[in-house]
Every structure is written in C-alpha cells, then in structure tokens.
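Open the model in your viewer and keep the selection panel at hand. The tour goes stop by stop.

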Amino acid sequence: RPASTTFTVHGFRNWKKFNDGKKCAFLVHMGESHNAAEKSCANLMNPSLREKICEEIGDSKYCILVDETKDESKKEQMALVWHFVDNDGFIRERFFDILHVKDTTSMALKKELSSILCRYALDVQNMRGQGYASASNMCGEWNGLQALFLGECPYAYYIHCMAHRLQLALIAASREVIHRNSELQSVQIHEIANMIAIDELETGDADSTYNIITSFDFVFILHLVKEILGITDILCQALQHTSQDILNVMHHVSTTRALIQKMREDSWDSFLETTKSFCE
C-alpha cells in the first residue's frame, strides 16, 4: 500500500501471516525457491552439521580461516572456516559458524576459538595454518591472534588471507582504472568536439550513436571481445567453483594463456577477414 510504513519505518512483525503457506504475499512474490534457500541457510547453523564437520576433521591437520566484522546492529561477529585434508587425501574447506563476540581484541577472539576447539575435541597441536586479514589484532607479530596461537603450536603458521590480498589488489587496480578512465574520457571529449567542428560528426544523439556502432572500430572491438571471452570462459567458470583444486586451476590458466598467444600469432589474419566480412 502506498501509505504503508511496514517496510520503511516500523518493520514487519506479523510472522504468523508470513508462514501462512501460499497465501503469504512474500512467498507469492519471491517464489518457493527463496523459501528453500532460507531453509538451506538455516541448516548451515544446525549443531548436528557442525558435529559432522568436526568428525570429518578428526585427528587430521587443519587450518583456520577467520574474519571479524560488525553486522547491521553494530554487534561484533566472527566467521570461522575449517581448511583440512580428509581421509582420502582431498583438500576440504567447510564453513563452520558465525559467532557473536563481545569485542574483537586478539585475546577475546583467541578465547572464543579455544573454546570451540575444546568443545569439539579438536587438538590445537594439529593446527597447521592461520588465515586472517591484515588487521593488527589478527596478524600482529607480538600480540595478534596469530602470535597467540603460534605460542601454543609452533606449526600454526600465519598466512595473509588470499581472498583479502586479492581484494586489496583489486581495490588498488580499480583506483588506477578510474584515473585512466578519466584520461580516456577527456581525450574522447576533445576528439568529439573536434569532429563536430569540422562537420564530420552530427550533434544529434541518435545519429551519432548510429554512426559509432556501425563503424569498423566498434565492430572490430566487439568481435575481439567475443573471441577472447570465448577462450577465457572455461577458466572463469573454474574460478567460480565453490571447491576447486589449485593444480586444476593452474592448468586452466596455462591453457588459456596458450590459446590467447596462438590467436595472437596464428589467427590474426583470419580474424580480420571475418570482421571485414561481417561489416560488408
């Protein structure tokens, strides 16, 4: 309803109506798949599932992956993931829990993690790795979480979380892209102004757009992107798998590079002819 403040000010509290099967407006709008996804998320927090994960780890050597943040209610949360080798020799990664912690000091996080290890009978001496972000409370050389665990187990080596390192690299790269994008826009504006001045470009938007998308340069770039994306598609799909062997990924990277190099060295003439034929 236009004047309703349920979802903007006061919040939704009528849960009995929400659970009224197919009569529920939310289910009609979102569909049963959303309800199934909600149940799956609830199962992730099932205590019996956590017991099963710890049984799977058993006496194996394991690594812990930990991150901490605040939720929307400003409560401190800690996410925990186990990384281990199972009895068949396969690397497994299991999301374990999201825990509320009073604060995110290294001592508080260490106490909470030690409590979990004790509760599920996981020996701290079997810890072989710690993966955290680069915050001082996590990776501090003397008082960080990694140092506290390293004091108990000298083999629990700390590694700066690969996902966090990738995020930092992407942030740095995107800053460079913004700078270069501004330069490209400036050059393009100058070029357009010059073409308008010498009557090589009409000022009508529709006409200008039509001229651009029917130009050889535009068609050439589209064909090039199509070819490259076709080559890299298998690698992109492999990188998005929830469980992936690093050796398999490296194989895909090598294959992708080889195919792109082959296109560059041997397929350029045929690619150019295909593009010309399309334009004609």
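Buried here means under 20% relative accessible area, and exposed means over 50%. Keep in mind that the model is predicted.

**Stop 1: Ala 133**

Select Ala 133, in the loop between strand 4 and helix 7 (136-139). Is Ala 133 buried or exposed? Its relative accessible area is 16%, so Ala 133 counts as buried. Now show what surrounds it. Leaving aside neighbours within four places in sequence, Ala 133 is in contact with Met 138, Cys 139, Tyr 158, His 160, Cys 161 and His 164. Ala 133 and Glu 68 are 65 residues apart in sequence, yet 9.0 Å apart in space, C-alpha to C-alpha.

**Stop 2: Ala 121**

Go to the loop between helix 6 and strand 4, where Ala 121 lies. Its relative accessibility is 66%, so Ala 121 is exposed. Check the backbone too: Ala 121 is not a glycine, but has a positive phi of about 55°.

**Stop 3: the largest nonpolar core**

Select Tyr 62, Ile 64, Trp 82 and Phe 149. These have the most contacts inside the largest nonpolar core, which has 27 residues. Two or more core residues come from each of helix 5 (47-57), strand 1 (62-70), strand 2 (76-85), strand 3 (91-100), helix 6 (106-119), strand 4 (127-132) and helix 8 (145-152).

Stay on Tyr 62. Which residues does Tyr 62 touch, not counting those up to four places away in sequence? Among them are Ile 57, Trp 82, Phe 84, Leu 117, Val 124 and Met 127.

**Stop 4: the hairpin**

Colour strand 2 and strand 3. They run antiparallel, joined by nine bridges. Pick Gln 77 and look across: His 100 in strand 3 stands opposite. Then move to the turn. Five residues sit between the strands of this hairpin, and Gly 89 takes a positive phi near 85°.

**Stop 5: the largest pocket**

Display the largest pocket, with about 1400 Å³ of space. Its lining has 34 residues; Leu 65, His 83, Ile 91, Glu 93 and Gln 244 lie nearest the centre. Strand 1, strand 2, strand 3, strand 4, helix 9 (162-197), helix 11 (216-239) and helix 12 (246-266) each give two or more residues to this lining. Which element gives the largest share? Strand 1 does, with five residues. Finally, colour the lining by residue class: 20 are nonpolar, nine polar and five charged.

Notes. Residues are numbered from 1 along each chain as its sequence is written. This is a predicted model: local features need pLDDT of at least 70, side-chain atom pairs count only at pLDDT 80 or more; totals for chains, interfaces and linings use all residues. Side-chain values use heavy atoms; hydrogens and water are left out. A nonpolar core is a set of buried Ala, Val, Leu, Ile, Met, Phe, Trp, Tyr and Cys residues joined through side-chain atoms within 4.5 Å. Buried means under 20% relative accessible area, exposed over 50%, partly exposed in between (1.4 Å probe, protein chains only). Helices (H or I, at least four residues) and strands (E, at least two) are DSSP runs, numbered from the N terminus. Contact means heavy atoms within 4.5 Å. Two strands pair if DSSP finds at least two bridges between them. On a 1 Å grid over the protein atoms alone, a cavity is a set of points where a 1.4 Å probe fits but cannot get out, and a pocket is an open set with protein on both sides within 12 Å along at least five of seven lines; lining residues have an atom within 4 Å of a point. Grid points are joined across faces, edges and corners, and a volume is the space filled by probe spheres set on the points. Ala, Val, Leu, Ile, Met, Phe, Trp, Tyr, Cys and Pro count as nonpolar, Asp, Glu, Lys and Arg as charged, and the others, Gly among them, as polar.
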